[in-house]
Structures are given as C-alpha cells and as structure tokens.
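Keep the viewer open while you read.

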Amino acid sequence: MASPNIDDIDLQILGELQNDGRMTNVELARKVGLTAPPCLRRVRALEEAGAITSYHAVVDPAMLGYMITVFAMVSLRSQAEADLKAFEDHIATLPEVRECHMLNGEIDFILKVVAKDLQSFQQFLTSKLTPAPNVVSVKTSLTIRTAKNRPGVPLRV
C-alpha cells in the first residue's frame with residue numbers, strides 16, 4: 001500500500017517518470033493534469049521523501065560488449081551478520097555484479113552478473129566470486145534470453 005502522503009497525482013507522476021525519466025517538467029505536468037510549478041514541487045517533494053531515489057539511463061549491454069548475463073546463487077558458510085556484511089561489502093566492489101539480493105531459504109544470495117563472454121565470466125567466477133569471504137558454493141545459470149525487464153514497481157491510480 002502506498003504511503004498516506006502519496007496521493008493519486010503523485011502516483012501518476014511516479015508512473016510517468018518510471019516510464020520516461022527524461023521527460024521535461026512541462027510534459028510531465030501536462031500528462032498528470034497540473035501546471036508546471038506545482039508539478040515540479042511535487043517531484044521535488046517525492047525526491048526529498050525518498051520515493052524517487054535516482055535517475056539513470058538504461059543502456060544496452062550488448063552495445064557495450066557485455067554479451068552474457070548470469071545469475072549466480074551463492075551459499076555462505078555462516079549467516080552471522082558480520083559474515084553477511086563482509087560478503088555484501090566484497091560484492092559492492094565488483095562492477096560485474098549488477099544486482100545482489102539476500103534470499104530466504106537454501107541459497108543465501110542471488111547475483112545478477114554481466115560479462116563480455118564465457119571466458120571473462122569464468123575468470124570473474126574463479127578469481128573474484130568463489131574466493132569471496134565466507135563463500136561455500138556458487139551455482140550459476142546462464143541467461144538465454146530476457147522476456148521482461150521492467151524497472152520500478154507497478155503503479156495504479
């Protein structure tokens with residue numbers, strides 16, 4: 001459920017910006033039925049409240065030579081908070097890891113990793129991921145294709 005301070009217009013603003021974060025404030029205001037000044041105030045308030053955390057470009061990995069995406073399921077020796085933090089701190093230094101999620105269950109973390117090719121992924125796996133703090137095992141699955149990749153969350157007004 002949305003925060004009580006986020007109304008239907010704010011949800012419309014968030015939805016439009018999720019779809020196109022580069023649109024001008026004037027275009028955004030037109031789409032949500034406001035004039036530009038109050039629309040900008042709402043956007044700034046959403047940013048200050050943390051509802052909008054960043055703006056960024058979505059790039060095509062293949063255009064930059066990253067031809068494979070791999071999901072790595074990592075099991076750790078210990079789930080003590082200090083050990084979890086040490087692993088997360090190590091992962092934060094690895095640019096190939098684009099996402100890292102701690103899981104409930106048999107696997108401790110799932111990582112989304114990009115690489116230019118299988119050889120560079122193997123090098124990453126053996127030199128950076130497997131020797132990471134507290135790692136017991138790593139199971140990997142190579143992505144064959146991506147059917148859906150949507151940023152953000154579903155927003156309905």
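This is a predicted model: local features need pLDDT of at least 70, side-chain atom pairs count only at pLDDT 80 or more; totals for chains, interfaces and linings use all residues.

## Strand pairing

Let's start with strand 1 and strand 3 (residues 109-115), which pair in the antiparallel sense over seven bridges. Pairing here requires at least two bridges found by DSSP between two strands.

Residues are numbered from 1 along each chain as its sequence is written, and side-chain values use heavy atoms, with hydrogens and water left out.

Zooming out, four strands make an open sheet in the order 2-3-1-4, with antiparallel pairing. Strand 2 (97-102) and strand 4 are the edge strands, each pairing on one side only. Neighbouring strands are turned by 20 degrees against each other on average, direction ignored. For angles like these, axes are lines fitted to C-alpha atoms (for helices, over the stretch in contact), and angles run from 0 to 180 degrees between N-to-C directions.

Helix 4 packs on this sheet and touches strand 1, strand 2, strand 3 and strand 4, its direction making about 15 degrees with that of strand 3. Helix 5 also packs on the sheet, touching strand 1, strand 2, strand 3 and strand 4, and its direction makes about 165 degrees with that of strand 4. Contact here means heavy atoms within 4.5 Å. How enclosed is strand 1 (residues 68-76)? Eight of its nine residues are buried, so the rest of the structure largely encloses this strand. The cut-offs, with a 1.4 Å probe and protein chains only, are under 20% relative accessible area for buried, over 50% for exposed, and partly exposed in between.

## Two crossing helices

Now to helix 2 (residues 25-32) and helix 3 (residues 36-49), whose axes come within 9 Å and cross at roughly 100 degrees. That makes helix 2 roughly perpendicular to helix 3; the label covers 65 to 115 degrees, with under 35 counted as roughly parallel, over 145 as roughly antiparallel and the rest as oblique.

On the helix 2 side, the contact is made by N25, V26, L28, A29 and V32, and on the helix 3 side by A36, C39, L40 and V43. By class, the contact residues are eight nonpolar, one polar and no charged. In that scheme Ala, Val, Leu, Ile, Met, Phe, Trp, Tyr, Cys and Pro are nonpolar, Asp, Glu, Lys and Arg are charged, and the others, Gly among them, are polar.

## Charged pairs

How many salt bridges are there? The count comes to eight, taking a salt bridge as a side-chain nitrogen of Lys or Arg within 4 Å of a carboxyl oxygen of Asp or Glu. One of them joins K31 and E16, with the closest N and O atoms 3.8 Å apart. This pair links distant parts of the chain, as K31 sits in helix 2 and E16 in helix 1 (residues 8-19), 15 residues apart. K31 is partly exposed at 39% relative accessibility, and E16 is partly exposed at 22%.

R30 is exposed at 57%, whereas E27 is partly exposed at 27%. D89 and K85 form another salt bridge, with the closest N and O atoms 2.8 Å apart; both lie in helix 4 (residues 81-92), four residues apart.

Finally, have a look at N134, which has a positive phi of about 75 degrees although it is not a glycine. Most residues other than glycine have a negative phi. N134 lies in the loop between helix 5 (118-129) and strand 4, and at 14% relative accessibility it counts as buried.
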